[in-house]
Amino acid sequence: MRYRVLGKTGLTVSEIGLGAWFIGGMYGDVPLDDARAIIKRALDLGVNTFDTADVYGNGLSERVLGEELRGYDVNVFTKVGYNIYQREGGKVSQTFNPSYIRYAVSKSIERLGRRVNLLQLHNPSLNVIRDWEVHSALINLVKDGYVEHVGVALGPEVNVLNEGLAAIKEGYESIMFVFNALEQEPGRALIRAGVEGGVGLITRVPHASNVLTNNFTQSFPPSDHRSLRRKDWLIKAKAIVDEYVKPISDQLGITLSQLALKFVLSYPVSTVIVTVTSVKELEEYVEAANGSYLSPRVLGDLERLYDELISIRLSQ
């Protein structure tokens, strides 16, 4: 495992971080014992960065992470902003008022059993990101010792560029965003702005909902977050990968999944958050963080492929 620094926070983060939304049914159907085994194996492999949210499994993800990471000196990131404590018609609504944020963070800390290394607003709108009262509430949580650092997890993928640039301008310490070989923008623009601003860059969805793996499927259960992908997008993306991307991984002698991760790690990001459903997947992914990145030629080829073909076909 190789390590990088999260912006100006001083936190040393593993190049591969583990996203814990496989706990609670939002990503695959992973039995709890298997989920615990994945966390244990991640620790063995040198993963020191774990990302979760209170909404994952209605707190279950935080609780299980807290139990399995007890006693380990690792980074735990979580997110708040969805009111899991008050549902209307069975649905969870977003809430970012300062009193709620403080309450939600206190409950997350109870479940995790530790101070939060990085607290992120979960999919806030542009107005919320620019709201100084919200940002001030997070800064007070740092001052009061609840959390160490604060950032923004961007989504859904509608106004991410403007939201990310606003988060950097407002002084948030990190941003999390989707970035992969099939969805390079606005990620590339955010990376440039983040590096200039000294902001921690946390990327997610490196495998584009399994399209950049050998485990492609067109359909997911309704509870699985990947079900939000349009089926026609998945089919078009798979055809592009088979014709243009997989031959590159074959030529390099690595798996398609590893190529996807090396693509992201070839940029000056801080960490890439992966989500897995088995120990075997995790081991394959971690092998990509061996200090060997894509050459400028291969990286340039993938950028041109995106600019000249992928971005056009997948937007049609």
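## Basis of the report

A residue is called buried under 20% relative accessible area, exposed over 50% and partly exposed in between (1.4 Å probe, protein chains only). The model is predicted, so local features need pLDDT of at least 70 and side-chain atom pairs count only at pLDDT 80 or more, whereas totals for chains, interfaces and linings use all residues. Residues are numbered from 1 along each chain as its sequence is written, and side-chain values use heavy atoms, with hydrogens and water left out.

## Salt bridges between separate elements

The model contains 19 salt bridges, each a side-chain nitrogen of Lys or Arg within 4 Å of a carboxyl oxygen of Asp or Glu. Helices (H or I, at least four residues) and strands (E, at least two) are DSSP runs, numbered from the N terminus.

One of these salt bridges pairs E148 with R115, at an N to O distance of 3.3 Å. The two residues belong to distant parts of the chain, 33 residues apart: E148 is in strand 7 (residues 147-153), while R115 is in the loop between helix 3 (98-112) and strand 6 (116-122). Both ends are partly exposed, since E148 has a relative accessibility of 24% and R115 one of 44%.

A further salt bridge joins E157 to R204, with the closest N and O atoms 3.0 Å apart. Because E157 lies in the loop between strand 7 and helix 6 (160-169) and R204 in strand 9 (residues 200-204), this pair ties together parts that are 47 residues apart in sequence. Here the two ends are classed separately: E157 is partly exposed at 45% relative accessible area, whereas R204 is buried at 16%.

Within helix 11 (residues 296-313), D301 and R304 are three residues apart, about one turn of the helix. Their side chains form a salt bridge with an N to O distance of 2.5 Å. D301 is partly exposed, with a relative accessible area of 30%, and R304 is also partly exposed, with 43%.

Elsewhere, salt bridges connect R36, K40, R63, E67 and E68 into a network.

Helix 5 covers residues 132-143. Its end C-alpha atoms are 16 Å apart, which agrees with the 16 Å that its 12 residues should span at 1.5 Å a residue; the expected span is 1.5 Å times one less than the number of residues.

The buried residues of helix 5 are V134, H135, A137, L138 and L141. Viewed down the helix axis, they fall within an arc of 155° and therefore line one face of the helix, the arc being that of the directions from the axis to the C-beta atoms. These buried residues pack against helix 3, strand 6, helix 4 (126-129) and strand 7, where contact means heavy atoms within 4.5 Å. On the face turned away from the buried side, helix 5 carries the exposed residues W132, E133 and K143. After helix 5 comes G145, with a positive phi near 85°.

Helix 7 spans residues 187-197, and its buried residues are G187, R188, A189, L190, I191, A193 and G194. Among the elements that cover them are helix 6, strand 8 (174-178), strand 9 and helix 11.

Just after helix 7, G198 adopts a positive phi of about 70°. In the loop between strand 8 and helix 7 lies P186, which is joined to E185 by a cis peptide bond with omega of about 10°.

## Other backbone features

Most residues other than glycine have a negative phi, and most peptide bonds are trans. A cis bond runs from G155 to P156, with omega near -10°.

A208 is buried with a relative accessible area of 0%, and S209 is buried with 8%.
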